[in-house]
Amino acid sequence: PGVCAARADPRQPGLDDTCLEKLLDWFRSLTWFDPTVELVQDNPCLTELITSVLALPEPSPSILSFTLQLAGILASSESRFQHLQQEELLGRLFGAEGPRGSAAWEDAAARSAWLKGVHSMLQHQPALHFLCSTGGMDVIFALQGDPSLFVASAASQLLVHMLTFSLESETSKPVSTKDCEWPACAQMIVKHIEESLQSSSASHIEHSLKLLSSLFGSCFGSCYAAWTEVLWLDIAKQIESFLLQETVQAQPVLGNLLLNVARSPVFCGTEGSFWALVTSALEHFTPVQAGPLAVGLLKLCKCPQDVRIQALTVLLQPMDCVLRAASQPLEYAGLLDESVSDPVTVESLLSSKTSCAGLLCQTLAHLEKLLSLKHLRVDLPCTSLLRSLMTILQFCSGFLSPSSPLGSTISRNLINCFRVQKSALDVLAALAEKKGCDTLIGNLFDVLLAYLQSPNTSPTVLKKTFQATSKWLVHLQELSCSNSQWQQTQKILEDVFLVLQKRLCSPCWEVRDSSLEFLTAMVKCLGDQEEFRQCLLSSEVLRLTENLLEDPESYVRASAVTAVGHLAFLTSLAPESPATGNQYNKENTVAKLQEILSTDSEGFPRRAVISIFTKWLREGCTGQLEDTEQFVSRVIQAVEHDLDWEVRLGGLELVQVFCSQTICQLSQCPYAPVSSAVSSCTPQKELLQVFCRAKLFGFLFQSLCDCDKPVGQRACDVLIGLRGHFYPMSALENLQEIEDSPAGRGIAWLQRTLRQGSLAQSFPTDGGGGVDFQDPESMMLALGAIDLLELHDELNKRSDHVEESPQSLLQDILATVGTIEDNEVDCY
């Protein structure tokens with residue numbers, strides 16, 4: 001009652017919108033689970049709030065908005081709807097005598113709230129009849145064209161809901177498409193659509209086309225197949241007329257409508273006039289307008305093959321035009337035997353400086369989407385497409401001087417066009433996974449290497465070039481394995497490494513960073529190939545990469561760490577050749593990375609180091625158990641007090657991998673090699689000794705109190721996993737029974753400290769508090785006695801779990817009444 005009174009008081013300043021939204025969310029969940037009338041009967045303050053707001057001469061938009069939404073939520077059940085009707089409240093809110101003509105209605109928030117309230121209320125037939133009989137439909141139709149996009153969108157969504165809902169109670173299906181009668185509400189909406197489509201107002205036509213597109217794209221199109229067909233037959237002639245009228249500027253909306261209709265099960269077959277209309281659209285739309293429709297059709301599972309081929313032709317037409325314009329007379333066959341629309345239209349767009357780049361970028365983006373599909377139901381002319389892509393890239397860089405007038409014009413339009421270069425390189429990279437481009441691979445690498453070598457290549461384009469090059473190098477390697485093209489592969493790799501050496505020394509940090517990322521990608525994909533390793537080891541790349549560990553830019557240092565980490569793993573597998581000598585010593589590399597982990601001032605390089613160390617550990621590159629134990633111990637000491645929580649989290653991931661591997665090595669693998677010094681120990685005891693010597697437990701228990709919750713959660717997961725190993729079946733230790741011993745008192749202190757959570761984040765790990773984190777027996781006792789599951793639950797609670805309740809929300813709202821200036825910061 002106090003909140004309702006405060007909300008209705010016009011003298012009080014507006015409340016925080018977030019609190020009100022949370023309050024409305026609470027009412028939505030409350031009414032969803034309890035549809036009875038008791039909610040409003042037992043809480044008369046709710047209806048009093050509505051009455052009070054309606055009594056205000058000029059309610060503020062904020063108060064009116066809240067009241068409209070609340071009333072709609074309350075009226076969502078039929079019993080509460082009838083109760084509010086008896087109180088004569090709904091007509092004064094949503095009827096003709098409501099706020100439609102008031103000053104508050106000028107505010108978009110009030111109009112949006114009216115629509116939301118109606119949408120919430122329309123869950124039963126009486127609400128639908130109420131709205132249709134009180135002029136509400138005309139209001140919704142008008143709000144379709146509201147200047148606020150949010151209001152217009154809400155009106156369209158509401159009409160879709162109303163039409164679908166009105167059909168839910170209609171058990172009978174149309175007997176035939178010629179003789180059927182829509183339910184009353186649906187009939188009003190369909191009639192409105194038909195009249196708008198036939199009007200002379202372009203805005204009315206566009207609003208109805210958008211509504212139809214939303215309607216066919218919703219569950220209506222898939223769940224009401226018979227009605228869908230009836231509706232489409234009612235409007236098909238009008239839609240066809242729009243395609244033939246050059247004055248109608250609604251082609252993008254028309255394309256979207258046709259796509260949504262095509263997705264309906266009604267039009268899955270190849271018969272009928274619908275697909276003829278689609279092909280007509282592909283012919284009459286401009287190339288820019290036809291592109292989205294074409295790519296959408298090619299993604300459909302059930303589309304007639306002739307329509308699919310026509311859609312592909314539309315997409316390839318600009319690429320075909322570029323290829324044909326590149327040389328006169330034509331040296332190569334184009335992509336297409338015939339075009340869908342007049343080629344002159346495409347040529348004029350490519351000849352224009354303003355439209356050339358836009359058309360090609362859109363076309364290339366669509367082609368990239370198609371190439372990403374696992375099952376493309378048409379055959380792409382990959383060789384011709386690749387030749388066209390290379391032509392575009394050569395036009396953009398000025399490497400090609402065509403003799404034809406059209407080619408010269410396109411070349412001038414595209415010179416140094418970064419947008420087109422990036423889009424073409426994306427498609428080029430996607431094309432590497434397709435078959436049929438092998439004959440052009442030499443020419444392709446000429447183009448890629450020219451881009452990599454050119455000083456005019458921008459850093460962003462260079463990054464894309466590196467990405468495409470790495471994809472095609474993988475493809476080249478597969479070809480050389482099958483066709484024995486060793487010499488070509490060797491030459492290309494040598495050229496790539498020469499360019500890479502130059503780029504690693506670039507004064508531009510973005511270029512150095514992209515070069516390192518490219519190197520890492522190559523090592524990942526080609527590291528197991530002998531030719532690649534030979535080229536790598538005979539180049540200066542290793543030395544230059546190590547030098548970049550000291551780069552002034554932190555992003556570059558981080559990328560250098562990642563590259564060095566992968567290279568160290570790679571060179572440790574390769575036999576050392578006399579030519580390389582000791583230029584890549586693994587021990588030196590480890591020392592350098594540990595120094596970065598301990599001393600680098602930026603977080604990115606330190607995160608990269610801990611990630612690489614974890615990768616090494618996971619892949620078994622850290623030597624025997626004793627060496628790994630010392631390695632992990634040094635890493636823990638470096639990361640446990642790191643200021644970057646992601647570094648600490650990475651340290652815990654490394655610890656988790658170490659624990660899993662050590663348990664497997666000492667416990668589950670009877671034939672695993674164990675040093676003579678520990679052969680007399682039991683596996684359990686040796687495990688604890690290894691973990692204690694590595695100083696794992698101090699790090700893990702300290703991390704439980706970390707001020708960053710993800711760190712504490714990961715540490716708790718690791719400790720629970722360890723406890724599951726050491727106490728697989730037996731009952732856990734009873735803390736009360738062991739508290740009398742010195743170790744027990746320390747464990748009890750540890751349990752109390754851990755319950756304080758992040759308040760105890762500075763607790764000592766060096767024996768303070770009576771706990772020796774390097775004593776195996778104490779740690780065995782700690783794992784058995786401390787309630788880690790309780791800690792796990794605490795760590796997984798939301799930060800507001802204590803106050804997360806409707807009661808708390810109401811108290812918060814009351815606390816802010818009259819003091820809005822002090823509560824402007826939204827902490828939700």
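Q: What kind of model is it, and which pLDDT limits apply?
A: It is a predicted model; local features need pLDDT of at least 70, side-chain atom pairs count only at pLDDT 80 or more, and totals for chains, interfaces and linings use all residues. Residues are numbered from 1 along each chain as its sequence is written, and side-chain values use heavy atoms, with hydrogens and water left out.

Q: How many helices and strands are in the protein chain?
A: There are 43 helices and zero strands. Both are DSSP runs numbered from the N terminus: helices are H or I with at least four residues, strands E with at least two.

Q: What share of the residues is buried?
A: 52% of the 828 residues. Buried means under 20% relative accessible area, exposed over 50%, and partly exposed in between (1.4 Å probe, protein chains only).

Q: What about contacts between residues at least 6 apart in sequence?
A: Of those, 71% join residues at least 24 apart. A contact means heavy atoms within 4.5 Å.

Q: Which residues have the most contacts inside the largest nonpolar core?
A: W114, M162, W232, F691, F697 and F701, in a core of 269 residues. Such a core is a set of buried Ala, Val, Leu, Ile, Met, Phe, Trp, Tyr and Cys residues joined through side-chain atoms within 4.5 Å.

Q: Which helix gives the largest share of this core?
A: Helix α19 (residues 305-325), with eleven residues.

Q: OK, helix pairs. At what angle do α18 and α21 cross?
A: Roughly 0°, with the axes of α18 (residues 287-299) and α21 (residues 353-372) coming within 10 Å. That makes α18 roughly parallel to α21. Angles under 35 degrees count as roughly parallel, over 145 as roughly antiparallel, 65 to 115 as roughly perpendicular and the rest as oblique. Axes are lines fitted to C-alpha atoms, for helices over the stretch in contact, and angles run from 0 to 180 degrees between N-to-C directions.

Q: Which residues meet there?
A: P287, V288, G291, P292, V295, L298 and K299 in α18 face L359, Q362, H366, K369 and L370 in α21. By class they are seven nonpolar, three polar and two charged. Ala, Val, Leu, Ile, Met, Phe, Trp, Tyr, Cys and Pro count as nonpolar, Asp, Glu, Lys and Arg as charged, and the others, Gly among them, as polar.

Q: And how do α6 and α9 cross?
A: At roughly 40°, with the axes of α6 (residues 78-86) and α9 (residues 125-133) within 9 Å. The two helices are therefore oblique to each other. E78, F81, Q82 and Q85 in α6 meet P126, A127 and F130 in α9.

Q: Switching to C659. Buried or exposed?
A: C659 is buried, at 5% relative accessibility. It is in helix α35 (residues 645-668).

Q: What does C659 touch?
A: F691, L696 and L722, leaving out residues up to four places away in sequence. C659 and F691 are 32 residues apart in sequence, yet 7.8 Å apart in space, C-alpha to C-alpha.

Q: Where is K695, and what is its phi?
A: K695 is in the loop between α36 (683-693) and α37. Its phi is near 65°, a positive value in a residue other than glycine. Most residues other than glycine have a negative phi.

Q: Why is α41 called largely enclosed?
A: Because eight of the ten residues of α41 (residues 776-785) are buried. Among them are M779, L781 and L783.
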